[in-house]
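Open the model in your viewer and follow along.

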Amino acid sequence: MASLRCNYSVIFLFSLVLFASLLPKLHANIGDFDPYLEKRAEEALQSSLAAYNENPEQLTQTFNKEVGETLFNGTRRYLRETI
């Protein structure tokens, strides 16, 4: 019976610590009202919209072409394959 009471006290202590650790997070919504963070979020959104490419195949082809040029036009000629 004593061990059962010990288990309840451990559960109660754990619950108390968990509740105490969650309390500060309830009032930590500074990001919702901070004008600096709102401005940064808007700039990030505009930047991501400007970088968006509607044609992923073209983007992949461009990337593969640039990688190929880098690999085959390097100064380390002994790594270059003969075509």
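Predicted model: local features only at pLDDT ≥ 70, side-chain atom pairs only at ≥ 80, totals over all residues.

How many helices and strands does the protein chain have? Three helices and zero strands. Helices (H or I, at least four residues) and strands (E, at least two) are DSSP runs, numbered from the N terminus.

Residues are numbered from 1 along each chain as its sequence is written, and side-chain values use heavy atoms, without hydrogens and water.

Color the chain by confidence. Its mean pLDDT is 79, and 72% of residues reach 70 or more. Select helix H2 (residues 35-51): confidence is highest there, at a mean of 91. H1 is lowest, at 78.

Now show the whole chain. Buried residues (under 20% relative accessible area, 1.4 Å probe, protein chains only) make up 0% of its 83 residues.

Finally, select Val17. Val17 sits in helix H1 (residues 2-26).

Technical notes
Buried < 20%, exposed > 50% of the residue type's maximum accessible area, 1.4 Å probe, protein only. pLDDT = per-residue confidence, 0-100.
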